[in-house]
Amino acid sequence: MGVEALALHGLSIRLGGAQILHDVTLNVPAGSFTCLLGPSGCGKTTLLRSIAGFAPPASGDIRLGARSIADLPPEKRGTAMVFQSYALWPHMTVAGNLTYPLKLRGIVRAERDARAEALLDILGLSGFGARKVGSLSGGQRQRVALGRALIIDPPILLLDEPLSNLDAAIRRNLRGELRRLQQRLGITTIMVTHDQEEALAMADTIVLMRAGRVVQVAAPQDLYARPADLDAGRFLGVDNMLAGRPDDPVAAATLGFRSMDARIHATAPQDALVRHGTVLDCAYTGGGYHLQLQSGAEVISAVSGVPVTPGSQVCVAVPTASLMAFGADQMLLPNGSPPIAETVQ
Amino acid sequence: MALATLARRGAANLLPAVMIGLCAFVVFGPLTNLFLWAFAEKWFFPARYPTEYGFDFWQRVFRPRAGAWTSLFNSVWIALATVGLSMALAVPAGYALARLMLPARAFIMLIFLLPQAFPSLPIFVNIAHMFYGLGLNGTYTGVVLVHSLPGLVYAVWIATAAFGAVDRTMEEAARNLGAGPMRTFRDITLPQAFPGLVAASIFVFLDSIDEFTGTFFVGTPDISTLPILMFNASMGGNYQIASITALILLVPSIGFMLVIERFLKADVLSRIGR
Ligand SMILES: Nc1ncnc2c1ncn2[C@@H]1O[C@H](COP(=O)(O)OP(=O)(O)O)[C@@H](O)[C@H]1O
Ligand SMILES: [Mg+2]
């Protein structure tokens, strides 16, 4: 069918009397890997389901390539979705699940079997064709669900938290695998996740959502270094939000930074945000120590290479390059934030 | 010490054994009596057990003019037709109900159960009256309709549960990959609800085979089923004939269950409860 771009224009969705999505506008370039990232309940699944045709829009348009698909029934849209529960059919074998979409398209038995065989090879499931889906592990089911979606050669692939039902170890492996597969096929992919690490590791573009709205659309590095507002920052692991002071290196109502960028110093360094405080707590975290400091009315999280006795007075400093400056309206300030290159880990 | 443990264990085992024995007596006691009667040639009052056994009455029952064969075939055909009619209505109704929002569904199902709450006799008398006007009295159609009344309640309730247990995302997955609504129903929903629908069929079949009151009011004297035959024999004081009919009544029931079981693999049957 060929790879196609997806565009949402002012999409609003109401379910059971509640407005779930508010005026979502989004462009997903052909062949890109886009992650919908946001806390649980923010409407990610609903957005994906509306693209697949399972949540009728109250207003707005959905375009796949040149045509509008908003009024088509699900089976006419050609979107291939992998459901969070995988939704494999337990009364069919693995091969039966994989070839059912081909059967619907009137492809003859011999070719169906050949294509299932080839796909099982790609998925690392050779010889599993005759197995019942009930006998597969979580990771194997996930692959079968993915294969079943890919076998129709869809213009767009929709993944709803495809990795969240798996063990942490398998998840890390599959992340890379999924990303490589997507790049090899060059298929336009939208993946839903609530795991920022997953989104940062996999996506070309991250769409940050909150309460049914799109908050920010950015490349992973940009999103990580420049979250659009305070809430976005908190969601992306900016765990320190301090009130700005006149003598700070960057002028802002609120200064945000991650605890790993805040270090203990004997003397206050140049070109850095500096605060003094009393150590409340010092916990070993493997590579180093995680500190909690009381600084005036604020509590600061910081790291240290050596243990620090609780109760001692210390000086904590954050390089200006690692600071995020937010205005009184809680939005990120356009200037005074670090250039992207310096925050790449 | 060891002896005390053994005694305690013995007592612990004894209680369930006694309970099982009691249950067995309650279930099989009357059945044993039935068996004795079926093969009793002579059994008069003071005798505790039959004084003479034989197959004399069996021959009488199966004589062409006695009507046992006709009643047996009637019973089976009526039961099969009742299953067909009930399921034909229960499958779409059950699916629609299962996909309905909860308060409305609970309400409709309750309404549906309401006729069962009334004593059946006045209902059947009324139906007989109605059928008389429609010319359905004494016809197979009439009897099948009257059997489908309780049959439908079973069938719709069980079918609703069976369809309700089918994961909706599995249907959505099929729609997503290109199957229309009917195709999805046929290929995904129906196979998964199938064990439940089979269970519903078994219930409807057994209920119809056993049905007496409705047949009595709507069918007799033109249509005789095994329960009617048995009733007539009992009323005539002929316990041998009644018992033999009762035993024959077991045949289609057990036969139907065996056939169903043959067609169903064990793993499918085990999903009925789910
Ligand atoms: N069918 C529905 N009817 C009413 N509300 C729904 C329905 N589906 C989802 N919601 C609500 O929409 C919101 C977003 O849900 P969802 O899209 O599943 O979020 P996410 O996938 O981001 O966790 C939730 O508050 C949820 O309760
Ligand atoms: Mg979700």
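These legends accompany close-up views of a predicted model.

**View 1. Chain A is divided into three parts: domain 1, domain 2 and domain 3.** Domain 1 is made of two stretches, 1-79 and 154-237. Domain 2 covers 90-149. Domain 3 covers 238-326. The centres of domain 1 and domain 3 of chain A, taken over C-alpha atoms, lie 35 Å apart.

**View 2. Domain 1 of chain A meets domain 3 of chain A.** Here 9 residues of domain 1 are in contact with 8 residues of domain 3. About 710 Å² is buried between these two domains of chain A. Carbon and sulfur atoms give 58% of that area. On the domain 1 side, Y224(A), L230(A) and G237(A) supply 60% of the area buried against domain 3, more than any other three residues.

**View 3. Polar contacts link domain 1 and domain 3 of chain A.** Across this interface there are 4 residue pairs in polar contact, both residues at pLDDT 80 or more. The salt bridge count between the two domains is 0. On the side of domain 1 that touches domain 3, helix 8 (220-225) and helix 9 (230-235) of chain A are the elements that give two or more residues. Helix 9 of chain A gives the most, with 3 residues. By class, this side of domain 1 has 5 nonpolar, 2 polar and 2 charged residues.

**View 4. Chain B packs against chain A.** In this interface, 18 residues of chain B are in contact with 25 residues of chain A. The two chains bury about 1,800 Å² between them. Of this area, 59% is on carbon and sulfur atoms. In chain B, the residues that lose the most area to chain A are E172(B), N176(B) and L177(B). Together they make up 38% of what the chain B side buries.

**View 5. A salt bridge joins E75(A) and R175(B).** The side chains of these two residues meet at 2.7 Å, N to O. Across the whole interface of chain B and chain A there are 2 salt bridges. There are also 8 residue pairs in polar contact, with both residues at pLDDT 80 or more.

**View 6. Two helices of chain B, helix 7 and helix 8, each give two or more residues to the side that touches chain A.** Helix 7 spans 168-176 and helix 8 spans 181-210. Helix 7 of chain B gives the most to this side, with 7 residues. By class, the side of chain B that touches chain A has 8 nonpolar, 5 polar and 5 charged residues.

Notes: Residues are numbered from 1 along each chain as its sequence is written. Chains are lettered from A and ligands numbered from 1 in the order in which they are written. This is a predicted model: local features need pLDDT of at least 70, side-chain atom pairs count only at pLDDT 80 or more; totals for chains, interfaces and linings use all residues. Side-chain values use heavy atoms; hydrogens and water are left out. Domain bounds come from an automatic or database domain assignment. Contact means heavy atoms within 4.5 Å. Buried area is the accessible area (1.4 Å probe) that two parts lose on being put together, summed over both. A salt bridge is a side-chain nitrogen of Lys or Arg within 4 Å of a carboxyl oxygen of Asp or Glu. A polar contact is a pair of N or O atoms within 3.5 Å; within protein, one must be able to donate a hydrogen and the other to accept it, and residues adjacent in sequence count only if both atoms are side-chain atoms. Helices (H or I, at least four residues) and strands (E, at least two) are DSSP runs, numbered from the N terminus. Ala, Val, Leu, Ile, Met, Phe, Trp, Tyr, Cys and Pro count as nonpolar, Asp, Glu, Lys and Arg as charged, and the others, Gly among them, as polar.
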